[in-house]
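Please look at the sequence and the structure shown here, and follow how a sheet and a helix can be read from them.

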Amino acid sequence: MSNNNNCRTANRNFCAPGGKIAVLWVDLDGTTIVCQPYFDQAHANYGHFMKLRGFDPQESIEMLRKIDKANTERVGFERDRFGKSLVEAYDYMRKLKRKRFKEDEILNDRQICENIGRAPFFREPEIFPNAAAVLGRAHHNFMIFAVTIGNREAQKYKVRQAGLQPVFDEIIVTSRDEKPQLVAQIMKDLNVDPKLSAFIGNSKRSDGACVAHTNFIYLPLEPGWDYDKVAEIPSSDAYEVIQVQDWRECEERAINSLIRRRRKIMGSSGPTPVLHEQPCCKDRDS
Ligand SMILES: [Mg+2]
């Protein structure tokens, strides 16, 4: 159990009633950092490459999607997986269409496929509009965890490159699909108030599942990839699901609302969190 006496410093206050703390868990890919266009680009590049090698590009891309989905279910979210899926899809198409290439050509082709698959992980990361500013302000009022599925080095590199390191108290990277379990663990370890906390994410499935333990702020800036698509956002009797369109709305409608509730509860007893409004909204929201 952490010492929650530390929840208040000169410029931070994430104290919640009963010696608890308020936490935001924040998904990275597709929520904070732009992700999908890089994978779309890799799919397009693969289609183009396969066309040059005499295959139907659409059929090749479809096959890649199928193989990568199966590999994700089998091996999880390691960084090498996507490149390996491309090589596998290339080999499969070659055999399916009975294409006869020379051995050294095949080796070269496989190398090209691997490189296409590696590209999305080594891009200069792009942050969604207002994400850094909103999280920077929220840092005054919440302990903030980045929760992300993927490769540890790749994800930490992205956070560093994006300049987001200062807003996160911790970056939790998992190679398995287990966000709700991670949230539950932190809840227990740090004595978190789940009703005054929230998980922010773009995936109805892997992020939405966290509504079992805390509020879910659904921020669908990217539709997510095939593996992540489910029809409905999970619901909960205990916690709220708040859908917002962008980071600014996330702050106004969800984050600030959590702060106000906390302020109301704690108003008469002890320290109260401070709302950090955007200049435009000061009058309207105070
Ligand atoms: Mg995501």
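The model is a predicted one, and the features described below should be read accordingly.

Strand E7 covers residues 215-218, and four bridges join E6 to E7, the two strands running parallel. Besides the position already named, Gly-201 stands opposite Tyr-218 in E7. Strand E7 is also joined to strand E8, residues 241-243, by three bridges, again in a parallel arrangement, and here Phe-216 stands opposite Val-241 in E8. Is E7 covered on one face or on both faces? Asn-215 and Ile-217 lie on one side and Phe-216 and Tyr-218 on the other, and these four residues are all buried, so that both faces of the strand are covered.

Strands of a sheet pair through backbone hydrogen bonds, in either a parallel or an antiparallel manner. In this model, six strands form an open sheet with parallel pairing, in the order E5-E4-E3-E6-E7-E8. Its edge strands are E5, residues 170-174, and E8, each of which pairs on one side only. On average, neighbouring strands of this sheet are turned by 20° against each other when direction is ignored.

Helix H7 packs on the sheet, where it touches E3, E4, E5 and E6, and the direction of H7 makes about 155° with that of E4.

Which residues of H7 are buried? They are Lys-179, Val-183 and Ile-186, a residue being counted as buried if 20 or more other C-beta atoms lie within 10 Å of its own. Seen down the axis of H7, these buried residues fall within an arc of 65°, and therefore they line one face of the helix. The buried residues of H7 pack against strand E3 (23-27), strand E4 (143-149) and strand E6 (198-201), whereas Lys-188 and Asp-189, on the other side of H7, are exposed. After the helix comes Asn-191, whose phi is positive, near 55°.

Key. Residues numbered from 1 in each chain as written. Predicted model: local features only at pLDDT ≥ 70, side-chain atom pairs only at ≥ 80, totals over all residues. Buried ≥ 20, exposed ≤ 12 C-beta atoms within 10 Å, placed from the backbone. Arc of directions from axis to C-beta. Contact = placed C-beta atoms within 7 Å. Pairing = 2+ DSSP bridges. Axes fitted to C-alpha atoms, helices over the stretch in contact; angles between N-to-C directions.
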